[in-house]
Amino acid sequence: MQGYRNLSIEEALREIEHRIGPYIGRGKVADYIPVLKKVDPDQFAMAVTTVDGREYKIGNWDTGFSIQSISKAFNLTKALGKRGDQIWKRVRQEPSGRAFNSIIQLESENGIPRNPFINPGAIVIADLLHEIFEHPVEEMLDFIRKLAQNDSICINEEVFQSEKDSGAGNYSSAYLIKSFGNLHSDVHKVLSTYFALCSIEMNTLDLARSFLFLANHGRLLSGEEIVSIQQAKRINAVMLTCGTYDNVGEFAYRVGLPAKSGVGGGIAATYPGEFSIAVWSPGLNEKGNSVAGFKALEDFTTLISKSIF
Ligand code: GLU
């Protein structure tokens with residue numbers, strides 16, 4: 001259709017604002033962490049930041065939300081940056097083909113989780129953060145604040161408590177991993193760190209900004225290196241193959257960008273060499289991805305005719 005291809009970022013966002021209405025509020029707000037179900041589902045936001053310093057935003061872009069599993073991308077970045085390829089001895093880089101909280105493969109695969117973005121893999125990464133830092137939560141918060149250029153980012157204590165109270169599945173995974181010798185610190189300490197980082201609250205612009213280094217070959221726009229070019233490539237690759245739950249195939253097919261999603265309804269994605277993009281809308285599909293967010297990203301890459309494929 002004429003005019004629906006090769007739009008500028010600004011035009012594409014305006015078009016999405018116009019057409020996304022029917023998708024907002026669709027799906028189901030996560031309720032297995034009880035506090036998360038209090039969120040108003042009728043919200044939507046999108047923000048784009050480019051490697052040449054432009055920023056665009058629409059909708060409820062300045063409303064904070066629970067980043068949940070999106071934190072796993074930051075945690076992987078720090079662990080890989082500090083320990084390099086050593087980390088792949090303790091967690092693999094393959095899609096799991098299962099739900100993010102599944103425990104089934106862990107036993108048959110000797111306590112080595114399939115990837116750092118399913119819960120068992122993220123728990124191993126949290127354990128690594130305990131080996132790297134004396135105060136991993138503070139370190140990670142400082143790191144995320146720096147990436148997002150926002151010192152007010154913090155943990156939502158109510159979500160943190162709710163995660164701990166409803167975390168039996170994560171405790172089971174952690175103990176099983178420990179029984180195979182792949183979790184070195186105390187289970188409660190490691191899970192407290194894991195839950196705290198999932199409970200960080202950010203807004204959609206914060207999130208787009210904080211993923212820009214992955215679109216900028218591992219560097220902040222100031223030139224400061226966060227991770228090497230190769231490590232940025234690897235993090236993007238793991239996001240592409242494992243970042244959007246057991247929905248990665250459909251996500252690659254419809255959106256075509258490396259991304260990490262969370263059950264708070266956020267999705268952060270990158271187009272290496274050009275931009276990072278974040279969307280948020282709380283209603284989730286049955287795999288755990290934001291329905292309106294997924295649709296908006298699909299429309300965005302289609303309207304601007306850019307995806308990694
Ligand atoms: N804190 C959530 C959990 O451990 C993260 C879920 C997600 O966003 O994928 O289940």
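**View 1. Composition of the ligand shell.** In this predicted model, the shell of residues around the ligand comprises 7 nonpolar, 5 polar and 1 charged. Altogether 13 residues surround the ligand. The closest of these are Tyr32, Ser69, Glu163, Tyr194 and Tyr245.

**View 2. Polar side-chain atoms at the ligand.** Glu163, which is among the closest residues of the shell, places a polar side-chain atom 2.6 Å from a nitrogen atom of the ligand. The ligand taken alone exposes 300 Å², of which the protein buries 99%.

**View 3. Packing of helix 2 against helix 5.** Helix 2, spanning residues 71–83, packs with helix 5, spanning residues 136–148. The angle between the two helices is about 105°, and their axes are 11 Å apart. Helix 2 is therefore roughly perpendicular to helix 5, since angles of 65 to 115 degrees are counted in that class.

**View 4. Residues at the contact of helix 2 with helix 5.** Helix 2 contributes Phe74, Asn75, Thr77 and Lys78 to the contact. From helix 5 come Met140, Phe143, Ile144 and Leu147. By class, this contact has 5 nonpolar, 2 polar and 1 charged residues.

Definitions and conventions:
Residues are numbered from 1 along each chain as its sequence is written. This is a predicted model: local features need pLDDT of at least 70, side-chain atom pairs count only at pLDDT 80 or more; totals for chains, interfaces and linings use all residues. Side-chain values use heavy atoms; hydrogens and water are left out. Axes are lines fitted to C-alpha atoms, for helices over the stretch in contact, and angles run from 0 to 180 degrees between N-to-C directions. Helices (H or I, at least four residues) and strands (E, at least two) are DSSP runs, numbered from the N terminus. Angles under 35 degrees count as roughly parallel, over 145 as roughly antiparallel, 65 to 115 as roughly perpendicular and the rest as oblique. Contact means heavy atoms within 4.5 Å. Ala, Val, Leu, Ile, Met, Phe, Trp, Tyr, Cys and Pro count as nonpolar, Asp, Glu, Lys and Arg as charged, and the others, Gly among them, as polar. A residue is near a molecule or strand if one of its heavy atoms lies within 4 Å of it. A polar contact is a pair of N or O atoms within 3.5 Å; within protein, one must be able to donate a hydrogen and the other to accept it, and residues adjacent in sequence count only if both atoms are side-chain atoms. Accessible areas come from the Shrake-Rupley method with a 1.4 Å probe; for residues, only the protein chains shown count as cover.
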